[in-house]
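Trainee: I am new to this structure. Could you take me through it, one question at a time?

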Amino acid sequence: MTLFSENELLMIALILDEEEEEEVVKKKRLVKTISFSYRIGHSTVYKIVREICQIITENLMDELMPTPTEEMWENIANDFFRMWNFPGCIGALDGKHVTIQAPPNTGSMFFNYKKTFSIVLLALVDAHCNFIAVNVGAYGKSSDGGVFANSNLGKALYRGSLNIPDNLTIPNTDTQVPYVIVGDEAFPLKPYLMRPYPGDKLDDRKRNFNYRLSRARRTSENTFGILTQKFRLYNRRIQAFPKHVDYIILATCLLHNFIKKYDSYTYNYVTQQADRSNGHTLQHLNLQGGNATTDAFRVREVFTEYFNSEVGSLPWI
């Protein structure tokens with residue numbers, strides 16, 4: 001017995017794949033078309049979309065976005081090293097503002113620095129542009145550092161409760177480093193979270209590190225670009241209450257993983273880059289420094305030394 005009828009699946013596919021064209025007008029026209037085609041009320045169409053997104057999230061989360069085991073983390077790290085030349089990397093972290101219609105009676109809670117209303121999507125992705133973990137629902141006004149620190153992912157990384165293996169011995173060396181995730185300047189430097197060296201006037205060592213980190217980190221940018229192109233509702237403001245937007249975003253992330261897993265004709269992201277455009281409504285988080293510990297600086301310095309060594313450097317740099 002299937003969870004959804006064929007008609008219900010068609011409705012959700014049409015809504016999620018809607019192209020941008022006079023946002024409100026086109027959405028109303030699409031809903032009206034579905035309403036007349038299936039002889040149901042407009043409100044029923046909206047209700048079906050909301051319910052299906054919620055059911056997808058509740059029933060497919062454990063299958064399509066499970067909590068990784070130690071073996072899964074090691075496989076992710078091996079893929080990052082093989083494909084993007086960054087040892088010990090277990091994910092690329094990034095966050096985007098998803099633009100929504102201004103919610104009623106919320107004041108400036110969802111109003112972000114880009115002067116739009118948004119909900120923050122924070123995601124950790126693997127080397128193949130699959131979502132490992134996502135956090136959805138933070139207020140648009142929140143800083144990126146606050147979103148990460150207060151997310152379940154950030155708290156679990158801080159506590160060390162994500163089944164991440166112990167230290168890794170860097171290939172062809174005797175040096176041990178912790179497994180790390182990589183992010184951009186929007187995130188603070190932590191022993192488990194590497195960010196680039198700040199500034200423009202950097203020496204060759206630091207520029208080399210930033211280049212290697214960028215190679216691994218761009219998988220998160222590619223993933224958001226793929227998500228935007230696959231589900232074109234991200235090309236406009238989402239017209240729904242925040243509690244419903246959360247389920248819509250989670251459903252698209254799960255369906256993204258589903259398509260990557262089961263569709264043999266999915267774009268080959270390994271050999272080609274996805275569209276780097278993040279769409280009209282996926283916006284970068286504002287930059288955040290944060291206080292780094294001595295251990296965090298030491299870990300970054302170890303990677304920097306490896307990337308500039310004879311065994312760790314790349315021939316084209």
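Trainee: Which loop holds Lys115?
Mentor: Strands are DSSP runs of E of at least two residues, helices are runs of H or I of at least four, and both are numbered from the N terminus. Lys115 sits in the loop between strand S1 (89-99) and strand S2 (118-125).

Trainee: What kind of model is this, and how are residues numbered?
Mentor: It is a predicted model, where local features need pLDDT of at least 70, side-chain atom pairs count only at pLDDT 80 or more, and totals for chains, interfaces and linings use all residues. Side-chain values use heavy atoms, with hydrogens and water left out, and residues are numbered from 1 along each chain as its sequence is written.

Trainee: Is Lys115 buried or exposed?
Mentor: Buried means under 20% relative accessible area, exposed over 50%, and partly exposed in between, with a 1.4 Å probe and protein chains only. Lys115 has a relative accessible area of 65%, so the residue is exposed.

Trainee: What is the phi of Lys115?
Mentor: Most residues other than glycine have a negative phi. Lys115 is not a glycine, yet its phi is positive, at about 65°.

Trainee: Where is Asn172, and is it buried or exposed?
Mentor: Asn172 lies in the loop between strand S4 (168-169) and strand S5 (176-177). Asn172 is not a glycine, but has a positive phi of about 65°. Its relative accessibility is 67%, so Asn172 counts as exposed.

Trainee: How many helices and strands does the protein chain have?
Mentor: The protein chain has 317 residues, and buried residues make up 50% of them. Of its contacts with a separation of 6 or more, 71% are between residues 24 or more positions apart; contact means heavy atoms within 4.5 Å. The secondary structure comes to 9 helices and 8 strands.

Trainee: At what angle do H3 and H8 cross?
Mentor: Axes are lines fitted to C-alpha atoms, for helices over the stretch in contact, and angles run from 0 to 180 degrees between N-to-C directions. The axes of H3 (residues 42-64) and H8 (residues 242-262) come within 8 Å. They cross at roughly 50°.

Trainee: How do the residues of the contact of H3 with H8 divide?
Mentor: Residues making this contact include Arg50 and Leu60 of H3, and Tyr247 and Phe258 of H8. Ala, Val, Leu, Ile, Met, Phe, Trp, Tyr, Cys and Pro count as nonpolar, Asp, Glu, Lys and Arg as charged, and the others, Gly among them, as polar. The division is 13 nonpolar, 4 polar and 4 charged.

Trainee: How are H7 and H9 placed relative to each other?
Mentor: H7 (residues 204-230) and H9 pack with their axes 9 Å apart, at an angle of about 95°. Angles under 35 degrees count as roughly parallel, over 145 as roughly antiparallel, 65 to 115 as roughly perpendicular and the rest as oblique. H7 is therefore roughly perpendicular to H9.

Trainee: Which residues is Phe297 in contact with, leaving aside neighbours within four places in sequence?
Mentor: Phe297 lies in H9 (residues 294-307). At 43% relative accessibility, Phe297 counts as partly exposed. Its C-alpha atom is separated by 7.6 Å from that of Pro191, 106 residues apart along the chain. With those neighbours left aside, Phe297 is in contact with Leu189 and Ala292.

Trainee: How many disulfides does the structure hold?
Mentor: A disulfide is a pair of cysteine sulfur atoms within 2.5 Å. Cys89 is buried at 0% relative accessibility, and Cys129 is buried at 2%. The number of disulfides is 0.
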